[in-house]
Amino acid sequence: LPLTEEEVRKMRLEPTVVDIKVEAGDKVKLTGGALEGFVGTVLSVDAEGSKCKVEVEMFGRPTPVDVELSQIDILD
């Protein structure tokens, strides 16, 4: 049985449009998820999937993580 539009809205499953201009090499701060508050460098951007790969320092070494574009803020 397919979900109704109302069920999709209630479950927050509709696609989210994020208008953010981020490129590889940009410094960003993670604003959501388990790594909220971490600062890292963007390695790659998947605009179609609304995700990016960010390298953050965890346990004393650089670690790449995948995050939603809606979960980052670009730092100056």
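Reader: How many bridges join strand S1 to S2, and do they run parallel or antiparallel?
Author: In this predicted model, strand S1 (residues 27-30) is joined to S2 by three bridges, and the two run antiparallel.

Reader: Which residue in S2 is the bridge partner of Lys-27?
Author: Thr-41 is the bridge partner of Lys-27.

Reader: And how many bridges join S2 to S3?
Author: Six bridges connect S2 with S3, and this pair is antiparallel. Within the pairing, Ser-44 stands opposite Lys-53 in S3.

Reader: Where does Ser-50 lie?
Author: Ser-50 belongs to the loop that links strand S2 (39-46) with strand S3 (51-58). The hairpin of S2 and S3 has four residues between the strands, and Ser-50 takes a positive phi there, near 55°. Ser-50 is a residue other than glycine.

Reader: Is Ser-50 buried or exposed?
Author: Ser-50 counts as buried because its relative accessibility is 17%, and the cut-off for buried is under 20%.

Reader: Which phi does Phe-59 have?
Author: Phe-59 has a positive phi of about 55°, although it is not a glycine. Its place is in the loop between S3 and strand S4 (61-68).

Reader: Buried or exposed, in the case of Phe-59?
Author: Phe-59 is exposed, with a relative accessible area of 77%.

Reader: In a regular strand, how are the side chains arranged?
Author: As a general rule, side chains in a regular strand alternate between the two faces of the sheet.

Reader: What radius of gyration does the chain have?
Author: The chain has 15 Å, whereas a compact globule of 76 residues would have a radius of gyration near 11 Å. Taken along the principal axes, the C-alpha atoms fill a box of roughly 50 × 25 × 20 Å.

Reader: What share of the residues is buried?
Author: Buried residues account for 22% of the 76 residues in the chain. The chain exposes about 5900 Å², and carbon and sulfur atoms supply 51% of that area.

Reader: What about contacts between residues at least 24 apart?
Author: Such pairs make up 31% of the contacts in the chain between residues at least 6 apart in sequence.

Reader: Finally, how many positive and negative side chains are there?
Author: There are 9 positive and 16 negative side chains, and the centres of the two sets lie 4 Å apart.

Definitions and conventions:
Residues are numbered from 1 along each chain as its sequence is written. This is a predicted model: local features need pLDDT of at least 70, side-chain atom pairs count only at pLDDT 80 or more; totals for chains, interfaces and linings use all residues. Side-chain values use heavy atoms; hydrogens and water are left out. The radius of gyration is taken over C-alpha atoms; the globule rule is 2.2 Å times the number of residues to the power 0.38. Buried means under 20% relative accessible area, exposed over 50%, partly exposed in between (1.4 Å probe, protein chains only). Contact means heavy atoms within 4.5 Å. Accessible areas come from the Shrake-Rupley method with a 1.4 Å probe; for residues, only the protein chains shown count as cover. Lys and Arg count as positive and Asp and Glu as negative; His and the chain ends are not counted. The place of a charge is taken as NZ of Lys, CZ of Arg, CG of Asp or CD of Glu. Two strands pair if DSSP finds at least two bridges between them.
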